[in-house]
Amino acid sequence: MGLKCQVIAYIMDKLAPRKFAEEWDNVGLLVGDGSKDVSKILVALDATFEVVKEAIDKKVDMIVTHHPLIFKPIKNIKADNPVGSLLIQLIKNDISLYAAHTSFDIAPNGMNDILCNVLGIYDREVLDVTYSEGYKKIAVYVPQGYEEIVKNAMCNAGAGFIGNYSNSTFQTQGIGTYKPLEGTNPFIGEIGKIEKVEEVKIETVVPQKYLEKVINAMLNVHPYEEVAYDVYPLENLKEEYGLGRIGTISETTLKELALQVKAKLKINNLRVVGDPNKKIKKVAVCGGSGASLIHKAVSRGADVLITADIGYHDAVEAQHLGLSLIDAGHFATENIAVRFIAEYIIDETQKQGNEIEVLVSESQKDPFMYL
């Protein structure tokens, strides 16, 4: 039994939220009908002619890629240009296409975290922050005896996380006063009489993105007809997301690290800038084209930047700045995520009780060859 195309798109949006994508990027469902049933998916780095042919031959309903096929605005869809020809083939064969590009690069546990996992880079942080979300503090007043119910509901909805700690709250006891007026149905007290109630004030933090969900969860279990709560902006807490990662590895030399990168990415060739004997401890990475992060890597104290598509002038500039470079190729630094995406889709669809066949492209290859 399959799932609707829009459900698969939603599953991918959870992995790579579209809000993270750069403004110039084009991510999400690019081709297809959201109401179409999908029972077989092909995952690839690009929707090339070979990949689309593979999808047609294998009777695939949907292709999921990293790079978007429609990258720039197009004025027509004609068979005499590559993008037009591929779009015609997809539409003729009723094959949907979804792309997760910079949304996946930036997302936690996305492209760059996968690359760090493969290369053994730990204690990592975002290299270049491109998106941040603030936190709020919420305080709610609860009659004594109901604090655990309300507190658990809020934390289960996303409140109370500080770093690697969950269910972080603070509570104080006090006396709440109020007078129920005509037309009310007070949980405690009588209409027209001032009531004094022993209450507990619960305070916790919540990411802005979960605020509405947490408030609704709190209101659903709170015993009062009218709930007193406050929401405060916080300046000292925020979640940051962005391109690249920077972290540490067991100390090694640039040459030894380059050989490790070759082995772990299963490639025969790469390019290196810098002294082969230089000691390496702090490593910056960016899957795909990351030359624009050279200055950011230097400012963050990186010994080396592992990325792809380094130009001649980029290499010269990095030398002047004292930053070593390892260019492992665009394909190798990103294709490692294809199998991860396939396994993720399988896991998520199985949670919904569906058995969808998810294939990893066998035709996708690095367009470069080395003689």
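This is a predicted model: local features need pLDDT of at least 70, side-chain atom pairs count only at pLDDT 80 or more; totals for chains, interfaces and linings use all residues.
Which residue forms a salt bridge with E133? It is K209, and the closest N and O atoms of the pair are 3.8 Å apart. By salt bridge I mean a side-chain nitrogen of Lys or Arg within 4 Å of a carboxyl oxygen of Asp or Glu.

Residues are numbered from 1 along each chain as its sequence is written, and side-chain values use heavy atoms, with hydrogens and water left out.

Helices (H or I, at least four residues) and strands (E, at least two) are DSSP runs, numbered from the N terminus. E133 is buried, with a relative accessible area of 8%, whereas K209 is partly exposed at 36%. Here buried means under 20% relative accessible area, exposed over 50%, and partly exposed in between, with a 1.4 Å probe and protein chains only. Both residues belong to a network of salt bridges that links K19, E133, K209 and E239.

The whole structure holds 23 salt bridges. Among them is the one between K36 and D61, whose closest N and O atoms are 3.8 Å apart. K36 is in the loop between β2 and β3 (37–38) and D61 in the loop between α2 (49–57) and β5, so this pair ties together parts 25 residues apart in sequence. K36 is buried at 13% relative accessibility, and D61 is buried at 15%. Another is formed by D13 and R18, with 2.9 Å between the closest N and O atoms; D13 is buried at 17%, while R18 is partly exposed at 48%.

I turn now to the sheets. An open sheet of 5 strands has the order β2-β6-β5-β4-β15, with mixed pairing; two strands pair if DSSP finds at least two bridges between them. β2 (28–31) and β15 (357–360) stand at the edges with a single partner strand each, so one side of each has no neighbour in the sheet. From one strand to the next, the twist averages 25°. Helix α1 (residues 5–15) packs on this sheet and touches β2, β4, β5 (62–65) and β6 (96–99), its direction making about 10° with that of β6. Contact means heavy atoms within 4.5 Å; axes are lines fitted to C-alpha atoms, for helices over the stretch in contact, and angles run from 0 to 180 degrees between N-to-C directions. Strand β4 (residues 40–44) runs parallel to β15, joined by 4 bridges, and L42 stands opposite L359 in β15.

Elsewhere, strand β14 (residues 324–327) pairs with two strands that I shall describe in turn. With β11 (residues 271–273) the pairing is antiparallel, over 3 bridges, and D327 is the bridge partner of R271. With β13 (residues 304–308) it is parallel, over 4 bridges, and L305 stands opposite L325. In β14, S324 and I326 point one way and L325 and D327 the other, and all are buried.

Finally, two backbone details. N109, in the loop between α4 (102–106) and α5 (111–119), has a positive phi near 65°. D123, in strand β7 (residues 122–143), also has a positive phi, near 50°. N109 is exposed at 55% relative accessibility, as is D123 at 63%.
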